[in-house]
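This briefing sets out the fold, the core, the chain contact and a few backbone details, grouped by topic.

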Amino acid sequence: MRELSLHLLDMLQNSREAGATDVIAEVIEDTRRDEMVLRVTDNGRGVPVEQLPHLFDPFYTTRNTRHVGLGLPLLKAAAERAGGTATVASAPGRTTVEARFVHSHLDRAPLGDVADTLLAMMLDDTAPRLRYRHVANGNRFEVDSAEIRRLLDGMPIRQTEAYAWLRSYLEEGIRTVRQGLAP
Amino acid sequence: MPKIGSLEELKALREKAAKDLQVRLSTGTRITVGLGTCGIAAGARETMRAIVQELNKRGIDATVNTVGCIGMCYNEPLVDIEQAGKPRVTYGKVTADRVPRIIEEHLINGRVVEEWVVGRLEVGGN
């Protein structure tokens, strides 16, 4: 994928497909430790223990209807290309997918449009609760879809004014928190 | 659109919108965008953004949902349009630039854009 925010979207969709009702997405950047971390934790049904070793294998298939895709192998390839790793820890009710990158690595894909990823997840009214946390050299930006919905009080997120406001709010929040990253 | 910075201002915006009379063309429409790995890689996130923006620009009320990979990966981004009483139409290779034409012809003019259709499900079919 051309930007890491698209991998984040893929991870969030996986959580949704696992039946999650509550998802936490984190982007953590630390230029002093030269690290970037993408992490998604959800309360979905998780990955059966026998499938865990095969998650990053693009050629792994099962005869069941359980969907196996290229998302995690692509994530792992993107992380390893940037000197990092991808891992999954899973139990029913709690699954964490994490990808770590060397922040300054020339082959680390850009973070890209995270606001667009978050909006894509929030647009669907049946989507799980999404909490996003962005930490950049200690500065934090957090947003909770439950709080957004509470404030909207029935107005759909796709409604013109709400959508424009939320896009602006997310873009501005992420841009501001990342300002501290400049060396 | 003035820049708004706080969540409290969102609340005020919502109250104002409730008071304004907004006439929206309701088409009883459900739009589904494929957002599996294949869809995302093909640009479906941008397609979804273009759909919402076009609907808002034209004042059309439709629900926008997402679905995972359905197996027709070579035709992603896939966009389904379902309207009451009509067959469900699946469009393929719907990059963001193709969205305005689909919204205008299918939703406003009631004409399916045949050249981009990759699937059709008759009402009451399986």
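Helices (H or I, at least four residues) and strands (E, at least two) are DSSP runs, numbered from the N terminus. On that basis chain A has 5 helices and 6 strands. The model is predicted, and the predictor assigns the complex an ipTM of 0.92 and a pTM of 0.91.

**Confidence**

- Chain B has a mean pLDDT of 86, and 85% of its residues reach 70 or more.
- Residues 20-24 of chain B stay under 50 in pLDDT, and the model gives this stretch 3 contacts beyond four places in sequence.

**Overall form of chain A**

- The order of elements along the sequence of chain A is α-β-β-α-β-β-α-β-β-α-α.
- The C-alpha trace of chain A spans about 45 × 40 × 25 Å along its principal axes.
- Of the 183 residues in chain A, 40% are buried.
- When contacts in chain A between residues at least 6 apart in sequence are taken, 66% of them join residues at least 24 apart.

**The sheet of chain A**

- The 6 strands form an open sheet in the order 3-4-2-1-5-6, and the pairing is mixed.
- Strand 3 (85-91) and strand 6 of chain A are at the edges; each has a single partner strand, so one side of each lacks a neighbour in the sheet.
- From one strand to the next, the twist averages 10°.
- Strand 1 (residues 22-30) and strand 2 (residues 35-42) of chain A run antiparallel and are joined by 8 bridges.
- Within this pair, Val27(A) has Leu38(A) in strand 2 of chain A as its bridge partner.
- Helix 2 (residues 71-81) of chain A packs on the sheet and touches strand 3 and strand 4 (94-102) of chain A; the direction of helix 2 makes about 140° with that of strand 3 of chain A.

- Strand 5 (residues 129-136) and strand 6 (residues 139-144) of chain A pair in the antiparallel sense over 6 bridges.
- Tyr132(A) stands opposite Val143(A), which is in strand 6 of chain A.
- The two strands make a hairpin with 2 residues between them.
- Asn137(A), in the loop between strand 5 and strand 6 of chain A, is not a glycine but has a positive phi of about 50°.
- Asn137(A) counts as partly exposed because it has 16 C-beta neighbours inside 10 Å.

- Helix 4 of chain A lies across strand 5 and strand 6 of chain A and runs at about 55° to strand 6.
- Arg149(A) belongs to helix 4 (residues 145-152) of chain A and is partly exposed, with 16 other C-beta atoms within 10 Å.
- Arg149(A) and Phe56(A) are 93 residues apart in sequence, and their C-alpha atoms are 35 Å apart in space.
- Asp153(A) sits in the loop between helix 4 and helix 5 (160-178) of chain A.
- Asp153(A) also is not a glycine and has a positive phi of about 50°.
- Asp153(A) counts as exposed because it has 10 C-beta neighbours inside 10 Å, and a residue is exposed if that number is 12 or fewer.

**Nonpolar core**

- In soluble globular proteins, nonpolar side chains tend to be buried together.
- The largest nonpolar core has 72 residues, of which Leu118(A), Leu166(A) and Ile51(B) touch the most other members.
- Leaving aside residues up to four places away in sequence, Leu166(A) touches Leu119(A), Ile148(A) and Ile157(A).

**Contact between the chains**

- In chain B, 24 residues are in contact with 28 residues of chain A.
- On the side of chain B that touches chain A, at least two residues each come from helix 1 (7-19), helix 2 (37-42), helix 3 (44-57) and strand 2 (60-67) of chain B.
- Helix 1 of chain B gives the largest share of that side, 6 residues.

**A cis peptide in chain B**

- Glu76(B) and Pro77(B) are joined by a cis peptide bond, with omega about -5°.
- Pro77(B) lies in the loop between strand 2 and strand 3 (79-83) of chain B.

Conventions:
Residues numbered from 1 in each chain as written. Chains lettered and ligands numbered in written order. Predicted model: local features only at pLDDT ≥ 70, side-chain atom pairs only at ≥ 80, totals over all residues. pLDDT = per-residue confidence, 0-100. Contact = placed C-beta atoms within 7 Å. Buried ≥ 20, exposed ≤ 12 C-beta atoms within 10 Å, placed from the backbone. Core = buried A, V, L, I, M, F, W, Y, C linked by C-beta atoms within 7 Å. Pairing = 2+ DSSP bridges. Axes fitted to C-alpha atoms, helices over the stretch in contact; angles between N-to-C directions.
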